[in-house]
Amino acid sequence: MSTRRTYEARMNANEPNEPTPAETPDVEGAYPRLTDAQIAVFESCGKRRRVAAGDLLFREGEPTDGFFVVLSGLVGIVEGYGADDERVVSVHGPGRFLGELGLLEGQVTFLTAVVLEAGEMLEVRRGELAKTLSREPEVGDLILRAYLNRRALLLGQGTGFRIIGSEHSPDTRRLLAFAARNRLPHHWIDPEREPRAEALLRGVGVSVEQTPVVLWGRANVLRNPSNAQLAEAIGLRSPTPRAVGDLLIVGAGPAGLAAAVYGASEGLRPTVLDQTATGGQAGTSSRIENYLGFPAGISGEQLAERAVIQAIRFGARVNVPAAALALEPREDGHYAVRLDDGGEITARAVVVATGARYRRLEVPGARAFEGLGIHYAATAWEARQCGSDQAMVVGGGNSAGQAAVFLARTAGRVFLVVRGDELGKDMSRYLVDRVEADRRIEVLLRHEVRAVTGERELEAAVVEDRRTGSTRTIPVAALFVFIGARPGTEWAAGVLALDGHGAVLTGRDAEAAACAAPERWRHLDRAPMVLETSYPGVFAVGDARSGSIKRVASAVGEGAMSIRLVHEYLREVGAPASAA
């Protein structure tokens, strides 16, 4: 396909009376206009560039290193560039800047920028942009807010790459869940429901039987990619070096991301791995209202996105998906972490931040409907799958309460199934008040789910009253499960000392295991530090740690504190903190 789109010729020849597209209004701060003084900030590190109508500044599905400020002319942001159903998403004139969150995170672009009217652009390379944003915090805040709002708009509009596949395909559901958990702009097209799907597939030489596929425009096609392959295509995952220097952080929940931000800001340049998505359990929360500094609350997705940008801006490397399979101490004092792709990474110090995973619902029929009505997260994506039908939430903690309140905004009715005798036992008071005040939520205390039923998708749940033994079948389109969690530490079992629940022992709790292997500690002549495990230089934080407080704020605090201890350990063993 040509790299120039003949918009000018099309307007002049085929559609001579076609009016010039109007500039898109600033929506919720997503499209601010830079002042002359703010543009001057980028003049010192950018390069002016003349452009003609039809020029492409960046193209969907491809990486870009350019930050563009429109000095004159008009630029259209296009979805499905080159395809029969392409559409202009937004239009920008002088003073506007282009791009979205992916530019800061090193991702490919999800849309195409096409020059609609000739003019002049100011182009700044991504490396120079990062330096400028650090030097000029006011401008940096403006751009970051705009990019976060643009990503939210793209997600809400269902704009971005297209996933074409049946909702009954496990691989389709896997790709949709991965895109949703990683906050990637995408649009789902089900061949069984949308007539245009067949034409789209035919245009790229794919049959319905070969779906799912991921499609950008008309040229980029991924046939049933693995999560790792999709991540590599998008830029979430890059080749991981065998050695990362001082620090490897396993897990990208609040604790791991806090360790990454503080570690990177203090010269360690850590590498962060996560097997699913950044944000951990917190990333699946619709709204966190008791986190310091956010009186109106913040969604887990937004909190994770901001933390990732902070970490990357300071120099951390974040790789998703990358699952740790084993931890291996080496004779030279380094630690190796074996990965699911067959590779391994070594580092002088390791922070274990693999969090916890929600326990699965083990009742007849449940496994068959996972991803087809049964969910272990309650984000906007899962809410869209439920629509206005009835939903059920299982659990009595904060996650269940947040999910019930969130889903009640759109679902016809929400049933909250709680095994215990009262809501206030494990749920914060403010959430109890919200749940009890919402007439769309029906609380079923002392109840348990005993079975789920349906044909091709979830249709109903059978609940039992624990007091009387009577059962009731409730029609629901979606069931959200928050029934406790187990630490994600299987990969470190057999090496690190764990408690009876599988959480990592640290500090005084790890002393007995440390004393049983004095050769590991003899050169340090001390017991484990407060977050240190049974191996020196390996620290555990957040929900993976035994005795941790299950709150986002405490996880962030432990992640930050672990960096102070990592520095102390590196000084002890004579390893200066340096970039890898």
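Which residues line the second largest cavity? I looked that up before anything else. The answer is Thr284, Ser285, Ser286, Tyr358, Ala378, Ser399, Gln402, Ala403 and Phe482.

**Ground rules**

I'm working with a predicted model, where local features need pLDDT of at least 70, side-chain atom pairs count only at pLDDT 80 or more, and totals for chains, interfaces and linings use all residues. Residues are numbered from 1 along each chain as its sequence is written, and side-chain values use heavy atoms, with hydrogens and water left out.

**Cavities**

I read up on the method. Rolling a probe the size of a water molecule over the atoms shows where empty space is left. On a 1 Å grid over the protein atoms alone, a cavity is a set of points where a 1.4 Å probe fits but cannot get out, and lining residues have an atom within 4 Å of a point. Grid points are joined across faces, edges and corners, and a volume is the space filled by probe spheres set on the points.

I searched the whole structure and got three cavities of 30 Å³ or more. Helix 12 (residues 398–407) gives the most to its lining, with three residues. For the record, helices (H or I, at least four residues) and strands (E, at least two) are DSSP runs, numbered from the N terminus. I sorted the lining by class, where Ala, Val, Leu, Ile, Met, Phe, Trp, Tyr, Cys and Pro count as nonpolar, Asp, Glu, Lys and Arg as charged, and the others, Gly among them, as polar. The second largest cavity came out with four nonpolar, five polar and no charged residues.

Then I turned to the largest cavity, with about 270 Å³ of space. It is lined by 22 residues, and the closest to its centre are Phe58, Ile77, Gly99, Glu100 and Leu111. Strand 3 (66–79), strand 4 (87–92), helix 3 (101–105) and helix 5 (137–157) are the elements that give two or more residues to this lining. Its classes are 12 nonpolar, eight polar and two charged.

**A pocket**

Next I checked a pocket, meaning an open set of points with protein on both sides within 12 Å along at least five of seven lines. The second largest pocket has a volume of about 940 Å³. I found 33 lining residues, with Ala152, Ser299, Glu301, Gln302 and Ala380 the closest to the centre. Which helix gives the most to this lining? Helix 5 does, with 10 residues. Helix 6 (170–181), helix 10 (300–314) and helix 11 (380–386) are also among the helices that supply at least two each. By class I noted 12 nonpolar, 10 polar and 11 charged residues in this lining.

**Arg87**

I picked out Arg87, which lies in strand 4. Buried or exposed, I wondered, with buried set at under 20% relative accessible area, exposed at over 50% and partly exposed in between (1.4 Å probe, protein chains only)? Arg87 counts as partly exposed because its relative accessibility is 37%. Ile77 sits 10 residues away from Arg87 in sequence and 8.6 Å away in space, C-alpha to C-alpha. Leaving aside neighbours within four places in sequence, Arg87 is in contact (heavy atoms within 4.5 Å) with Ile77, Val78, Glu79 and Thr159.

I listed two cis peptide bonds. One runs from Thr211 to Pro212, with omega near 10°, and Pro212 is in the loop between helix 7 (196–203) and strand 8 (213–216). Another runs from Val320 to Pro321, with omega near -5°; Pro321 is in the loop between strand 12 (317–319) and strand 13 (324–329).

I also noted positive phi values. Glu28, not a glycine, has phi near 55°. Glu28 is in the loop between helix 1 (7–14) and helix 2 (36–43), and counts as exposed because its relative accessibility is 63%. Asn224 isn't a glycine either, and has a positive phi of about 40°. Asn224 lies in the loop between strand 9 (220–223) and helix 8 (227–234), and is partly exposed at 31%.

Last, I traced an open antiparallel sheet of three strands, in the order 22-23-24. Strand 22 (447–454) and strand 24 (471–475) are the edges, each pairing on one side only. Two strands pair if DSSP finds at least two bridges between them. Five bridges join strand 23 (residues 458–465) to strand 24, and Val463 has Arg472 as its bridge partner in strand 24.
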